[in-house]
Amino acid sequence: MKKGRSILAGKKATNKHVSKPRQAVHEPLIVPASQHNVTRKDIGRSALKVLDKLHEAGHAAYLVGGGVRDALVGLKPKDFDIATDASPETLRALFRNSRIIGRRFRLVHVVFGREIIEVATFRAAHDKGKGGETGAAGRIVRDNVFGSIEEDAYRRDFSVNALYYNIADDSIVDYVGGLADLEAGVFKLIGDPLTRCSEDPVRVLRAVRLAAKLEFDIDPETLKAMGAKASELGKTPPPRLFEEVLKLFQGGYALRSFHSVREHNLMRFLFPLLDKRLKAGAPELVTMLDAALKNTDKRVATGKPITPAYLLAFMLWPDVEEYALHDSKLGMPINEAIMAAADSVLSTQLRVTSIPRRFSGPMKEIWQMQPRLERVKGGKALKLMEDRRFRAAYDFLCLRASIDDRLTASANWWTKVQTLPEDARAQAAANRPVVNDIWPSGISADNFSDDTGHAAAPDATSASKKKKRRRRRRKPSGDKGSTTPS
Ligand code: ATP
Ligand code: MG
């Protein structure tokens, strides 16, 4: 990647363009337009509109954060964050299509159709006056003290994330040595790394994610502090961790992020059940996850839509499968066993990361489809193809089959049926061979033969009710014996 390459044609410090900091402590390094590679062309149309309008209205207007960082190393920025000296109220009045959001950080969202540009007023450190608040263990709970651009730079997380592109003259303003770190390919927390990790332990995860994305190193002092403070990640509110999970696995670098999170032993804070399995050594599970993550990255790279439901379904499937198999062996109909397993696994996961229902619903549907795809035949099989989750559930089955030979025949059968003309499908479905799949019980209690020749246990319904009651009391973190789906 861009690590270690020369980003700047040459640097000359000058301070004539920067908007006046209230109390300039350090002179910034200002790199004029002619000496760096970021231009207006790197900035999205909507963000440019906001920057220009702010400038025309006489305000300081800078692009900051990942947008500048990524453009400097030649990556296409994912989103554009803007920093200004205008207050949220001024911004609200200036942009008709805007709204003030947030409690912890008060920000303004300027809305352009489906695109949102985030505009933040320069802020000072949270302890610099009214509007900032730290809670237990030095955590920032409120961060609304407005300040100068310099103060704004110092409260950002990493030096390479604190570079400002000035729309007034296209220069880059650097208060914290971010350009040098960018050239060296290093993520370094600004200020005292231990304090900065305690203030917001999510920075530990951000370092790992962003370093994986840019293929950068993490500065040794930063790394040490991350190790010391990682356990505080466990106290992060589940909705915030879910946001981080989305960024990790939907940003186009899911495979690298996954391995980096594992190397830094942070999976335990994101997917504790999966973490246990991975730590027990599960090479075939890693192979399957790698394939799913690679596929996600490929879809992002080619602009195809992705849903977190699919990947999350993979992360949690080994436990869902194991729980469900256990109940299926006891005679519980498979669909009930899968629902009970899904509820149990999701309730463990939800204590760590939230998963909005719009994702957990489809996840359950993908799981529910698995035994059906494995065994139903005749008209019911063809009906499955009309299900809105068919495509995802079929892809899911194929990936499972890639590490489990017992599923190969099912996956191949579906692959073939989809290539057949409509009229040939019915015959193929009627003649589908009965496969010896992995589930001991029948699919549903009220469907004794479920079109497969697999009979549900006669007392399945009462057995399942007893089991459900027992499961709710079961400690989800308990030892569950063998781990990988085999
Ligand atoms: P990307 O968008 O590629 O994931 P990013 O660095 O732009 O990376 P955002 O979450 O978009 O990440 O944040 C924008 C900027 O806000 C960051 O570059 C950084 O300057 C600042 N920032 C974000 N999160 C924090 C944090 N937890 N602590 C301090 N500053 C932060
Ligand atoms: Mg960003």
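Mentor: Helices are DSSP runs of H or I with at least four residues, strands are runs of E with at least two, and both are numbered from the N terminus. This is a predicted model: local features need pLDDT of at least 70, side-chain atom pairs count only at pLDDT 80 or more, and totals for chains, interfaces and linings use all residues. Residues are numbered from 1 along each chain as its sequence is written, chains are lettered from A and ligands numbered from 1 in the order in which they are written, and side-chain values use heavy atoms, without hydrogens or water.

Trainee: How many residues surround ligand 1?

Mentor: A residue is near the ligand if one of its heavy atoms lies within 4 Å of it. The closest are Arg69, Asp200, Arg203, Arg209 and Lys213.

Trainee: By class, how many residues in the shell around ligand 1 are charged?

Mentor: Asp, Glu, Lys and Arg count as charged; Ala, Val, Leu, Ile, Met, Phe, Trp, Tyr, Cys and Pro as nonpolar; the others, Gly among them, as polar. The shell has 1 nonpolar residue and 3 polar ones. The charged residues number 14.

Trainee: What share of the area that ligand 1 exposes when taken alone does the protein bury?

Mentor: Start with the contacts. A polar side-chain atom of Arg209 lies 2.7 Å from an oxygen atom of ligand 1, one of Lys213 lies 2.9 Å from a ligand oxygen, and a backbone N or O atom of Gly66 lies 3.0 Å from one. Taken alone, ligand 1 exposes 590 Å² (Shrake-Rupley method, 1.4 Å probe; for residues, only the protein chains shown count as cover). The protein buries 89%.

Trainee: Between which domains does ligand 1 lie?

Mentor: Domain bounds come from an automatic or database assignment. Two domains both give residues to the shell, so ligand 1 lies between them. They are domain 1 (1-184) and domain 2 (189-277).

Trainee: How many residues of helix 7 are buried?

Mentor: Buried means under 20% relative accessible area, exposed over 50%, and partly exposed in between (1.4 Å probe, protein chains only). Helix 7 is largely enclosed by the rest of the structure, because its buried residues number 13 of 13.

Trainee: Which residue takes a positive phi just after helix 7?

Mentor: Most residues other than glycine have a negative phi. This one sits in the loop between helix 7 and strand 12 (217-218). With a phi of about 55°, it is Glu215.

Trainee: What is the phi of Asp170?

Mentor: Asp170 is found in the loop between strand 9 (163-166) and strand 10 (172-174). Asp170 is partly exposed, with a relative accessible area of 22%. Although Asp170 is not a glycine, its phi is positive, at about 65°.

Trainee: How far apart are the C-alpha atoms of Leu397 and Ala411?

Mentor: Leu397 is found in helix 18 (residues 390-401). Leu397 is buried, at 0% relative accessible area. Leu397 and Ala411 are 14 residues apart along the chain, and their C-alpha atoms are separated by 6.3 Å.

Trainee: What separates Arg400 from Ala411 in space, C-alpha to C-alpha?

Mentor: Arg400 is also found in helix 18. Arg400 counts as buried, at 3% relative accessibility. Arg400 and Ala411 are 11 residues apart in sequence, and the distance in space is 8.9 Å.

Trainee: Is Gln368 buried or exposed?

Mentor: Gln368 is in helix 16 (residues 357-375). The C-alpha atom of Gln368 is 8.6 Å from that of Ile334, 34 residues apart along the chain. At 15% relative accessibility, Gln368 counts as buried.

Methods:
Polar contact = N/O pair within 3.5 Å; in protein donor to acceptor, adjacent residues only side chain to side chain.
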